[in-house]
Amino acid sequence: MWTGRIYRQQQHPPLHVLLLKTGLRISELCGLTVSDLDFENKLINVDHQLLRNKEVGYYIETPKTKSGVRQVPMSEETYQTLQKVVAERKNVQPIVIDGYKDFVFLNQKGYPITGAYYTSTFGNLVKKYNKSHEGLGPVEGGHSLHHRSWVILISTSRWTCTPMRHWKV
């Protein structure tokens, strides 16, 4: 599932897969808790995002827009990836952030990762990839992955866009 020398070197390759397969924003993905994952119905419940800043530390907010509160279907690859991530979490810390606990994606110390952490990690991956694949054109990083995933999801006919630009399954 996660192949390639550069890709395997990254600590969180499932994040890259899940961002592309689900269209979630990085803060929504980082905020996922085990209770947000409905493995029986293969759905991801999105109603919050995890953020962090120096003054406040970790905190939870609602999604960026009203249509951001949604259920996202899991493809088979997404389903398998999330099951693997949950099963392999290590050093899980008993942290509660604004009533949310049991976060899916953790750093090496067992605390939830945030968008800033991911942006740094993904930025390094993009630099390594672009350096080793010169001549193929640069790969974009960061927030553009969120938008790129919508192109992929629409082109595979899993998703459509309503006239109001709300994404629907």
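The largest nonpolar core of the structure has 26 residues, and those with the most contacts inside it are Leu29, Leu37, Ile44 and Phe105. A nonpolar core is here a set of buried Ala, Val, Leu, Ile, Met, Phe, Trp, Tyr and Cys residues joined through side-chain atoms within 4.5 Å. The elements that give two or more residues to this core are α2, α3 (26-30), β2 (43-46), β4 (57-61) and α4. Of these, α4 gives the most, with four residues. Helices (H or I, at least four residues) and strands (E, at least two) are DSSP runs, numbered from the N terminus. In soluble globular proteins, nonpolar side chains tend to be buried together.

The model is predicted: local features need pLDDT of at least 70 and side-chain atom pairs count only at pLDDT 80 or more, while totals for chains, interfaces and linings use all residues. Residues are numbered from 1 along each chain as its sequence is written, and side-chain values use heavy atoms, with hydrogens and water left out.

A search of the whole structure finds five salt bridges, a salt bridge being a side-chain nitrogen of Lys or Arg within 4 Å of a carboxyl oxygen of Asp or Glu. One of them joins Lys21 and Glu77, whose closest N and O atoms are 3.1 Å apart. This pair links distant parts of the chain, with Lys21 in helix α2 (residues 13-22) and Glu77 in helix α4 (residues 76-88), 56 residues apart. Lys21 is partly exposed, with a relative accessible area of 33%, and Glu77 is also partly exposed, at 26%. Buried means under 20% relative accessible area, exposed over 50%, and partly exposed in between (1.4 Å probe, protein chains only).

A salt bridge is also formed between the side chains of Asp102 and Arg89, with an N to O distance of 3.0 Å. Asp102 lies in the loop between β7 (100-101) and α5 (115-132) and Arg89 in the loop between α4 and β6 (96-97), so the pair ties together parts that are 13 residues apart in sequence. Asp102 is partly exposed, with a relative accessible area of 33%; Arg89 is partly exposed as well, at 22%.

The side chains of Glu28 and Arg25 meet in a salt bridge with an N to O distance of 3.6 Å, and both residues are buried. Arg25 and Glu28 are linked with Arg70 in a network of salt bridges.
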